[in-house]
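Q: Please take a close look at a single part of the structure shown here. A connected account would be appreciated.

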Amino acid sequence: MLFSLQANATLDPARAAGDASSVAADHRAFCTHPPPFLSPDAKRLCDYSKQIPNCQPYADACDALEPKPSSFPAWLTSALDWIAKTIAKLAGLLGWFGVWVVAGIVLGLVLYPLIQAVTQSRREKRDDADAIKLPALPSKTQSAFLKLSRDEDPTRVLEEANLLAQQGKLDHALYRYLHAALLSLDKNGAIVIAREKTHGEYVRACSDSEAKPPLRDLVREIEVVRFGGREPSMGGVSVAQERATWIVKRAMAAAVMLTVFFLTGCQQQISGNDPGGSDTLRALLEKQNVEVKTLFTPLAKIPIPTPKNRETTAALYVDVDRIPLEDDAQEHLLRWVDAGGILILAGSPTHWPKALGAKVERSTSLDISVTTYKEEKTKKTHSDEDEESGEADDDDDESTLIPRVDNGKLAHVAAVSWVDKGTFVLASTHDEKDFVVGELRGAGAIYAAASDEPFTNAGLAIPGNATAAIAILSNVPRQKYLFAPVGAGFSPPTNPFAGLINAGLGLPLLHGFFATIILFFAVGVRLAAARPDAPPRRRAFTEHIYATAAIYGRTKSAKHALASFGRYAENRLAKRLGRGAPDIVTLLSQRSGEPIEVCAVVWGRALVAREAENDPPNGDELKILRKLTSIYSRAMQ
Amino acid sequence: MQNDAFANTFELIKSGIAKVIVGQTELVDGVLVGLLAQGHVLIEGAPGLGKTLVARMLAAVSGASFKRIQFTPDLMPSDVTGSNIFDRQTNNFTFIPGPIFAQLLLADEINRAPAKTQSALLEAMQDRQVTVDGTSRPLPQPFAVIATQNPIESQGTYPLPEAQLDRFLVKLTVVDPPRDIERQIVRNHASGFDPSDLSDIAPAVTTETLIEMQKHAQAVRIDDAVISYIVDLVRQTRQDRSLELGASPRASIALLRAAQVIAASQARDFVTPDDVKPMALPVLRHRVMLHPDAQLQGITADERIIELVKGVPAPQVALS
């Protein structure tokens, strides 16, 4: 019974019942406002609902879960069940089919624009290379102090503006005030800073209606100086300062509110409305002067205690029924205990770390007993002393272990079989099965309960359970507790793929990967297919030429097509030839980038086709025509 | 004239027109800007959208003399400019002025007249004078042509040549009114409104005031950065591959004048880029010619200009 000594002097089971009643008012939301849809934990604890005083709404919610007795005959009920199951199966099959169809459509929707973009970029690659660059704006608008980076901090820019105003650089100060205001609005999402936007457009586009008037005032002050040619005045600068400061502060306040909103969750959480939560336990521990905090790191990453800090490391409470432990989390927790950590597990032994070797034990009793011992010193009488030792002693105090038994109530039977070298029992069921077992392990210890029920909000609302829970925890030699939140048992992914695989998306990821490979090759094959030398710029006209040429080709008049196109090209090129311009062949070569010899041959064939139209064709007129249209279209771009 | 006086008078004319014209705010603004910038206005829109009524209302409210020419295929240049008629009593030729001798001329369905007659307007629009039989005669001041054309019908029309189009300061397109506005129009007619009788409309200003406003707008200050912005915008149209023909330097001047009026109408004596940007479309849309490929792809001049404007950095204090 050495380890059943009350190790934590702060926790006092004797006053636990009173403390539990005092914290109950703030943590009985699960009774008064149970969730509209009970969670599995809440359903599991429904058996407590009738035993908790003044908890009718929760009891009603639990009753609503009970299946209603059917008023139909048995054969009809079974027939309806069969029909319902068949429909559900069919719906499931249809659902699967639908999922695959939707997946295919989504994949197509994603890939189609990608393929289009690839083909478009190839088609327009040359255009981009030839794109004419815009002349730069005059230097006045690009002077250093006018430039603004979206990465700047609005607060810093505001301070800089104040400094500039103090130094008398009023125009610069004005510009920086506007920068600060625009930056803060941009970061807040009220506007989007862009090169082509005017100040007026920022004002009109500002989605923050309250920031609009001060921004308008600010812009007006600045435009009078910037475009109106006026000298900046102290009055104008003070107006700009006031407006910019207001905007920046408002944006900062909005950002803080947004952060708080996301941190606290979008919906308002009612404290203690989850019957399976641990709000009451935390409040009860705090009431007993124990420091309670939430663990913010995953269990697989919790820092290993060192010999120096192991005594001050907080005990870790993990409700394993709510927080599933992954293998690496289990291994890390045991290493953490070996190094000096104190681990409290609450929940079914099947959820404990496998390495502990604990098993579920059959039990028939819902009652548990926790026995604790308190050491008390009593004065010995001299007669007694003399009788026992026969010699005189100045130290006449004696230590006495005073046992105390506290009883608790479970909602479901639970017990554990965990026999190891260092294990010891802290609580048992009334049919003599172990309920809470501890083990000294390395430099630390594990305290594990076969069920989390006595520690839950609902469980602690049962008379006697608070005392039992505090009695169990009074064995834990720590004054500080860390509570692991739901989800802490999952390890953070080491890479994005691991994250997807952990989320159960491994197979879809594999499918997606293979689909991408197939599509990649499909697009690649399509793009690599033989195509004309150069994509014609004026496609509509070129297609017309091709079509005309094809008709001529079918009528054995390809030579006539070549001659016609040559005549057309000559007319258009002649308009481009100014005074002192080169001849057509040189022009074609220079503008299209084709070697002059090729241009000379192609153009020569076009001339020959015109001059000797009645001669028999060579047979390669269509090929020459295609080459000529390609050269011509590039030359005319 | 003070800045506030200009802005107040501008609003006075607008509100005077708004008594009869329901909706069509952009059209009224555009016509007024064209008049005060000493330019001419081309209005394109389907029949029955109030193009002619806007012009008549502007004349009625501004107190300017008003003439209307219905352009037809058989309209002769002399029908527009006037001609010398032999006077048998004096044995001399006497000049009978044509309808162009008005302060506000409505050239209705201008694209129905042949090029020869359309060209009769060229000298009047550019030099504000008319030459007949070698004698030049100045037109009354202020002088503005408001021409209308119908974009739907192409049979029997003569598209305006580029040189003629370039003379118009702005081209405004009229769209169908929203349902509520249309209901209001119909309700007005149901309660007895007669668009053919505007005799009850009293002039809100005098022509002298209009001339004074024109001079005031011309004196509005424009910063070098804004001038650069205007030039960049217009030059961009010449460098765009979708446009066969870009806007001329006359477009830059037109954009400047229009922006000056916009600035003055807001009681400012300086132009900001915000005054320039919204006027880019009406000033440039009729001065550019789309490349045939772009036409085949269904791209419109308006779409190209909107894209081009987006691509030109505005002079601002904050550059990203």
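In what order do the 5 strands of the open sheet in chain B lie, and is their pairing parallel or antiparallel?

A: The model is predicted: local features need pLDDT of at least 70, side-chain atom pairs count only at pLDDT 80 or more, and totals for chains, interfaces and linings use all residues. Residues are numbered from 1 along each chain as its sequence is written, while chains are lettered from A and ligands numbered from 1 in the order in which they are written.

The open sheet of chain B runs β2-β5-β8-β1-β9, with parallel pairing. Its edge strands, β2 (66–70) and β9 (170–173) of chain B, each pair on one side only. From one strand to the next, the twist averages 20°. Strands here are DSSP runs of E of at least two residues, and helices runs of H or I of at least four, numbered from the N terminus; two strands pair if DSSP finds at least two bridges between them.

Strand β1 (residues 41–44) of chain B joins β9(B) in the parallel sense over 4 bridges, and Leu42(B) stands opposite Lys171(B) in β9(B).

Two helices pack on this sheet. Helix α2 (residues 25–36) of chain B touches β1, β8 (144–149) and β9 of chain B, and its direction makes about 165° with that of β9(B). Helix α3 (residues 51–62) of chain B touches β1, β2, β5 (104–108) and β8 of chain B, at about 170° to the direction of β5(B). Contact requires C-beta atoms, placed from the backbone, within 7 Å; axes are lines fitted to C-alpha atoms, for helices over the stretch in contact, and angles run from 0 to 180 degrees between N-to-C directions.
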